[in-house]
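User: Please take me through the structure shown here, one question at a time.

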Amino acid sequence: MNSSSRPDRKPVHLAVYDTFADWETGHATAYLARAGFPVRTVGASTDPVSSIGGLSVRPDLALSGVRPEDSSLLILPGADLWDTSDDLAPFARAARAFLDAGVPVAAICGATAGLAREGLLDDRDHTGAVSFYLAATGYAGGGRYVEADAVTDRGLVTAGPTEPVAFAREVFRLLGVYEGELLDAWYRLFHDSDPQAYAVLEEAGAA
């Protein structure tokens, strides 16, 4: 797949903050970039942050400068800070602004708890690490929790920390990167190491 950005595709904004989980969004961002979506990192400021794995990232943009209308998607990875402080609450509020504007949001692991605290999971089907983890936030959406690898409802993707491939699958479906047989093949390749799936993608020029 061509890795150059396309002028008809607005950037995908990846939130980065101290302790963000390196492994949770890599499948999604790599193949979004290959599909022509510019990926831009967004921090509370443009000061460098450090991932759980010790990667140092200098955000491209500060959160205050990001507008939903300039974006295709906001991705919120998990981080220890979601559960140990209120430092990331502005990112949950940004997710509300994105969804209110009709722009999708994808949250994984601890970010789902942040969205639960913001009230964004009260009336949407969703998933996460485990139901009682989200219940501990005191949110009102427990009845909408789904035991699934990843869930999409009304523009919001949610997944638990062990499902980065399913998380990416739902993002690709939402943005139309892959669909049908190709989406299934991509998932089978990266989730199940199915060599026949690679052949499907290679034939389509999507490997």
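**An arginine and a sheet**

Analyst: In this predicted model, the side chain of Arg 124 comes to 3.4 Å from the backbone oxygen of Leu 120.

User: Which side chain of opposite charge is nearest to Arg 124, and how far away is it?

Analyst: Arg 124 is buried and has no salt bridge. A salt bridge would need a side-chain nitrogen within 4 Å of a carboxyl oxygen. The nearest side chain of opposite charge is that of Asp 123, at 4.0 Å.

User: Leaving aside neighbours within four places in sequence, which residues is Arg 124 in contact with?

Analyst: Contact here means heavy atoms within 4.5 Å. With those sequence neighbours left aside, the residues in contact with Arg 124 are Leu 99, Arg 144, Asp 153, Arg 154 and Leu 156.

User: Which strands stand at the edges of the sheet?

Analyst: The open sheet has seven strands with mixed pairing, in the order β5-β2-β1-β6-β7-β9-β8. Two of them have a single partner strand each, so one side of each is left without a neighbour in the sheet. These edge strands are β5 (61-62) and β8 (150-153).

User: What is the bridge partner of Ile 75 in β7?

Analyst: Strands β6 (residues 73-76) and β7 (residues 105-108) pair in the parallel sense, over three bridges. In β7, the partner of Ile 75 is Ala 106.

User: At about what angle does helix α6 run to β8?

Analyst: Helix α6 (residues 164-175) lies across β1, β6, β7, β8 and β9 (156-159). Its angle to β8 is about 25°.

Terms used
Residues are numbered from 1 along each chain as its sequence is written. This is a predicted model: local features need pLDDT of at least 70, side-chain atom pairs count only at pLDDT 80 or more; totals for chains, interfaces and linings use all residues. Side-chain values use heavy atoms; hydrogens and water are left out. Two strands pair if DSSP finds at least two bridges between them. Helices (H or I, at least four residues) and strands (E, at least two) are DSSP runs, numbered from the N terminus. Axes are lines fitted to C-alpha atoms, for helices over the stretch in contact, and angles run from 0 to 180 degrees between N-to-C directions. Buried means under 20% relative accessible area, exposed over 50%, partly exposed in between (1.4 Å probe, protein chains only). Lys and Arg count as positive and Asp and Glu as negative; His and the chain ends are not counted. A polar contact is a pair of N or O atoms within 3.5 Å; within protein, one must be able to donate a hydrogen and the other to accept it, and residues adjacent in sequence count only if both atoms are side-chain atoms.
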